[in-house]
Amino acid sequence: MSVNLLILLAPLAGALTAGLLGRHIGRSAAIGATIVGMLISAALAIHVFFNVAVGDGPVIHEEVFSWIVSGKFAVHFGLLIDRMTAIMLIVVSGISTLIHIYSIGYMAEDPDEPRFFSYLSLFTFAMLALVTADNFLQLFFGWEGVGLASYLLIGFWYRKESACNAAIKAFLVNRVGDFGFALGIFTIFMIFGTLDYDQVFHMAGRKEFQSTVNFLFFGPVDTITLICLLLFIGAMGKSAQFLLHTWLPDAMEGPTPVSALIHAATMVTAGVFMVCRASPLFELSPTALGVVTIVGAVTALFAATVGLVQNDIKKVIAYSTCSQLGYMFFAAGVSAYAAAMFHLMTHAFFKALLFLSAGAVIHAMHHEQDMRRMGGLIKKIPMTYGVMMIGTLALTGFPFLAGFYSKDAILESAYAAHSAVGTFAWLMGMLAAVLTTFYSFRLVFMTFHGKPVDLHAYGHAHEAPWSMRGPLVLLAVGAVFAGVIGAPMIEAHWFKEAIVVAPGHEALEHAHHVPGWVKWLPFVAFLVGLTVAWLMYVRLPTLPGIMAETFRKTYRFLVNAWYFDRLYDWMFVNMAKKIGDGLWRTGDVTIIDGFGVNGAAATCARVAEWLRSIQSGYIYHYAFVMVIGVLVLVTVYT
Amino acid sequence: MLSLVTFLPLFGALVIAVGVHNRPALARWAALVVSGVTFLLSLLLLEGFDPGSHAFQFLEESPWLPGYGLYYRMGIDGISLPFVLLTTFLTPVCILSSWESVQKYVKEYMVAFLALETFVVGVFCALDFILFYILWEAMLIPMFLIIGVWGGPNRIYAAMKFFLYTLVGSVLMLVAVLAMGIKAGTFSIPALMDHPFSLVFQIWVFLGLFASFSVKVPMWPVHTWLPDAHVEAPTAGSVILAGILLKMGAYGFLRFSIPMLPDATRVFVPLIFGLSLVAIVYTALVALMQKDLKKLIAYSSVSHMGFVTIGLFTLNEQGVEGGILQMINHGIVAGALFLLVGVVYDRLHTREIARFGGLVHRMPVYALIFMVFTMASVGLPGTNGFVGEFLILLGAYLASKGVAVVATTGVVLGAAYMLWMYKRVVFGEIHDGVSTLLDVSKRELILFVPLLILVFWIGFYPKPFLEMFHVSVQHLLQQASVVKVGAMVVK
């Protein structure tokens with residue numbers, strides 16, 4: 001047991017204290033316990049970060065205790081902190097601490113505050129267990145643990161039907177992803193006989209493991225490709241990628257600090273982290289990398305198109321998150337893992353900032369989330385406006401803010417990959433960049449500019465308390481400087497052994513040498529997006545309505561997020577219910593019980609009835625039968 | 001020692017039956033003390049048990065009707081020990097859970113439960129096939145009474161269905177037992193394990209045993225007695241039914257079918273995988289649509305036992321160990337879920353899901369406990385359900401990828417019906433009629449605490465449990481890999 005373990009255990013202790021004793025020790029003590037836990041965790045995380053990532057300290061790797069042992073199968077809980085984990089520790093512990101503090105103000109009027117803080121800390125514990133794992137099963141422990149916390153927090157306001165449904169949806173869609181993830185783990189064990197990262201990554205490169213395996217009706221499949229694709233299905237669920245993205249917008253039913261922490265900064269990036277962590281495997285499978293790139297690129301554009309037309313302030317940011325995660329994936333897909341991690345880190349700051357600023361807006365507007373009912377708030381909450389603008393500029397890649405460094409690195413890597421999928425991703429990414437700028441400024445303009453719509457709410461709008469503004473300012477600082485400070489991450493071999501890049505896959509290194517126009521194009525995209533947004537929402541505010549009328553079908557298609565929800569509802573939810581009902585009423589009740597069990601019973605009863613009827617008790621009946629019997633016997637034997 | 005653990009409850013039952021008149025409180029306390037002492041004694045078994053050996057331990061043998069080859073033989077190995085402990089552990093829990101809910105014929109109820117305990121523990125300890133059969137059948141009587149006397153409105157139908165279903169299977173098992181005994185000249189279980197049988201004979205005997213064990217598990221399509229039995233049984237009856245009786249069928253596979261009939265076992269593996277997969281998916285979908293809380297959990301039991309039978313017949317370490325662990329887990333989790341239903345049934349006298357809603361407002365502690373067991377049921381890592389389910393699926397994947405893939409969909413469906421049920425019962429606005437409910441009482445809390453501890457203990461540190469049967473499982477797998485038919489030819 002080392003003191004480093006406290007990084008995880010302190011939040012867990014806080015969660016248990018607030019959750020189990022919350023009602024006995026009172027509100028402030030419960031919240032205090034979680035915040036103390038978070039502060040301990042964050043302080044230690046910073047300490048470790050300076051040792052491992054800033055300094056040149058050795059990788060921390062300890063075995064904590066033996067978990068499951070069954071024959072050859074042996075898995076333990078471990079603690080692995082290399083540079084990749086160190087970055088995640090800072091992001092998770094740091095942002096979680098800020099969000100705990102922010103929540104003091106945001107949740108002040110909620111009677112269930114201790115429960116809220118308990119869940120937040122529980123989430124942090126699970127997320128930290130995920131990033132410090134040294135084997136795939138512990139990763140899976142954290143993976144499902146954050147899923148539980150997410151489920152609990154989305155459904156935090158359990159009186160609301162919609163919140164409960166969103167929570168279940170999040171859990172189930174993630175389970176579909178985990179279905180693939182679990183199969184991936186089984187395959188890893190089948191091939192390598194272990195789940196430890198060290199051993200698996202070490203063996204994967206060897207010739208004898210580069211074989212094929214028969215998988216269902218697919219016939220022989222390359223082993224490593226199979227493993228990577230199965231793991232990636234899990235990542236698609238957790239990181240809300242195209243086809244498994246439907247839960248993320250609904251997850252906005254949770255309180256806004258939750259959206260910021262779980263559904264923007266940390267949990268949803270777990271998939272990206274996993275792919276980067278497993279880079280020694282993905283590097284061996286060009287097919288898997290291609291799939292990752294395409295799925296990421298499609299998600300980046302798809303989510304951005306839907307974000308264009310959303311009116312709920314949180315939904316815009318949710319789709320934006322989905323889109324940005326797509327960027328991270330296609331970065332990993334072109335082997336620019338360092339750029340993916342870099343964008344993960346900068347995104348955590350500016351997206352948490354955007355969500356929390358949106359939270360401050362919602363707070364100011366008394367729980368109004370529809371941007372059509374806002375407007376002109378710049379005069380009422382100028383500070384919120386300021387930080388939100390910083391977040392927006394950081395997201396849209398305004399020069400020298402965080403996103404400028406990381407997003408450009410991704411786009412340039414995709415271009416420099418010089419492969420068909422790389423170029424495809426680059427194109428999608430460029431288009432998405434224009435859309436990103438458009439919807440981000442649309443949000444700002446609709447919310448802060450123009451004239452107030454709801455005069456009553458506008459009249460009462462006020463700046464948030466300091467507990468909320470403090471974290472906003474700190475995150476804004478992060479959103480400005482995370483890019484400059486983090487830029488060394490994408491230099492050669494900063495991650496050391498944590499990331500493996502196969503020879504010929506050095507897209508990130510080539511990214512420095514792309515032509516000038518490729519470097520400038522994202523800025524052009526920014527200008528285009530900004531101009532269009534300004535035209536439509538400041539200069540000619542009637543234009544959006546006219547356009548929605550003119551291109552009615554396209555508009556409906558986008559507003560309904562390409563009709564995925566309706567399709568899935570019909571295809572899975574209703575089908576499952578219908579089939580379940582059919583199996584029950586027809587299968588169990590009619591066939592098995594009707595014909596089988598009760599049928600057999602009824603037959604028995606009929607036979608018994610007949611047998612009873614011949615035992616009439618009348619002597620002459622018996623005598624008659626006897627006579628007949630004697631006659632038959634005599635006839636037969638003579 | 002083994003006989004003491006086995007027959008102490010029956011002795012207690014006799015004493016209560018004869019000695020206690022018109023004093024229900026005394027009957028309750030006496031039953032609790034007897035079952036409690038039995039549990040403590042069974043812990044001594046654990047203490048004295050050597051997990052490093054696969055041999056049967058605590059052996060007892062004495063002639064019974066030697067003229068007919070009948071002996072009283074008892075003994076346990078690493079496979080039977082966990083089930084003995086599960087039984088002795090759950091019985092006091094059941095008795096405590098019936099403290100207030102059972103008010104008529106209290107004495108007779110307690111007598112029935114203690115008698116049941118003796119028969120069930122006996123089933124797990126018997127090393128003579130005839131003794132096993134007698135106890136197996138004897139157990140039906142108290143269970144029949146528990147459902148038929150203390151059950152719900154439709155109890156007679158349910159009790160008859162339970163009884164007849166089981167009996168039909170048992171008759172075929174009796175034929176199989178006699179055939180084996182006569183062929184081998186002994187009913188001793190260890191001797192039968194080593195006796196070679198021809199393949200055709202093995203197949204017929206396997207089918208005979210299968211008829212009985214598959215009903216008990218229950219496997220699809222002979223599962224329809226279970227939902228009815230659960231719905232009508234009193235809470236404690238459901239707990240014992242789900243917690244222990246269902247395990248007897250799977251135990252039968254482990255003790256008889258696999259080691260005694262290894263060649264037939266290998267023949268039937270595809271059939272069992274097939275039926276189990278149908279059970280997992282089919283009953284999960286059916287569970288989704290249930291309107292009665294108990295029926296939903298009953299169907300989920302069938303689905304979970306489908307995982308268990310897959311695990312046992314993977315015939316590899318991970319699968320079999322996962323299967324055994326999952327039986328224990330299911331005993332804990334399904335038992336707890338039925339107790340949880342009992343808690344609200346005692347208050348509202350309904351089990352209809354639509355009548356609940358918003359329980360969390362009045363019963364926050366209850367909601368928390370319910371959440372933990374729901375998560376254990378859906379196999380969230382950190383709970384016991386995960387460890388068992390994961391090992392089973394891993395074993396299944398090693399045995400057959402297709403089986404594992406289909407079975408894993410059950411994990412998604414399991415989450416669907418459990419979470420949807422939880423939402424409708426616990427979350428939402430306060431439902432009329434729920435507004436005056438009291439949270440769990442101290443007595444109820446005492447019931448849940450040990451079960452909660454086990455959920456997390458096995459979830460985070462399953463080692464002591466897995467080690468208990470590890471060596472025995474290895475031995476079993478060795479037996480399963482023997483080609484008995486070949487041995488015949490050599491002779």
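In chain A, 79% of the contacts with a separation of 6 or more are between residues 24 or more positions apart. The model is a predicted one. Chain A has 638 residues, of which 59% count as buried. Its secondary structure consists of 26 helices and four strands. Taken along the principal axes, the C-alpha atoms of chain A fill a box of roughly 120 × 65 × 60 Å. The chain exposes about 24,800 Å², and 70% of this is supplied by carbon and sulfur atoms.

One residue to look at inside chain A is A:V387, which is found in helix α16, residues 382-396. A:V387 has a relative accessible area of 6%, and because buried means under 20%, this residue counts as buried. Leaving aside residues up to four places away in sequence, A:V387 touches A:L353, A:S357, A:L472 and A:A476. A:I87 lies 300 residues from A:V387 along the chain, and the C-alpha atoms of these two residues are separated by 24 Å.

A second residue, A:M571, belongs to helix α25 of chain A, which covers residues 564-614.

The next topic is the contact between the two chains. Chain A contributes 56 residues to this contact and chain B contributes 62. Together the two chains bury about 5,200 Å² between them, with 73% of that area on carbon and sulfur atoms. On the side of chain B, the three residues B:F390, B:Y397 and B:K423 supply 12% of the area buried against chain A, more than any other three residues.

Polar and charged pairs are also present between the chains. There are twelve residue pairs in polar contact between chain B and chain A, counting pairs with both residues at pLDDT 80 or more. The number of salt bridges between the two chains is two. A:E161 forms a salt bridge with B:K423, and their closest N and O atoms are 2.9 Å apart. Helix α18 of chain B, residues 401-426, provides 13 residues, the largest share of the side of chain B that touches chain A.

Conventions:
Residues numbered from 1 in each chain as written. Chains lettered and ligands numbered in written order. Predicted model: local features only at pLDDT ≥ 70, side-chain atom pairs only at ≥ 80, totals over all residues. Heavy atoms only, no water. Helix = DSSP H or I, 4+ residues; strand = E, 2+ residues; numbered from the N terminus. Contact = heavy atoms within 4.5 Å. Buried area = accessible area lost by both parts, 1.4 Å probe. Salt bridge = Lys/Arg side-chain N within 4 Å of Asp/Glu carboxyl O. Polar contact = N/O pair within 3.5 Å; in protein donor to acceptor, adjacent residues only side chain to side chain. Buried < 20%, exposed > 50% of the residue type's maximum accessible area, 1.4 Å probe, protein only. Areas by Shrake-Rupley, 256 points an atom, 1.4 Å probe, with all protein chains shown as cover.
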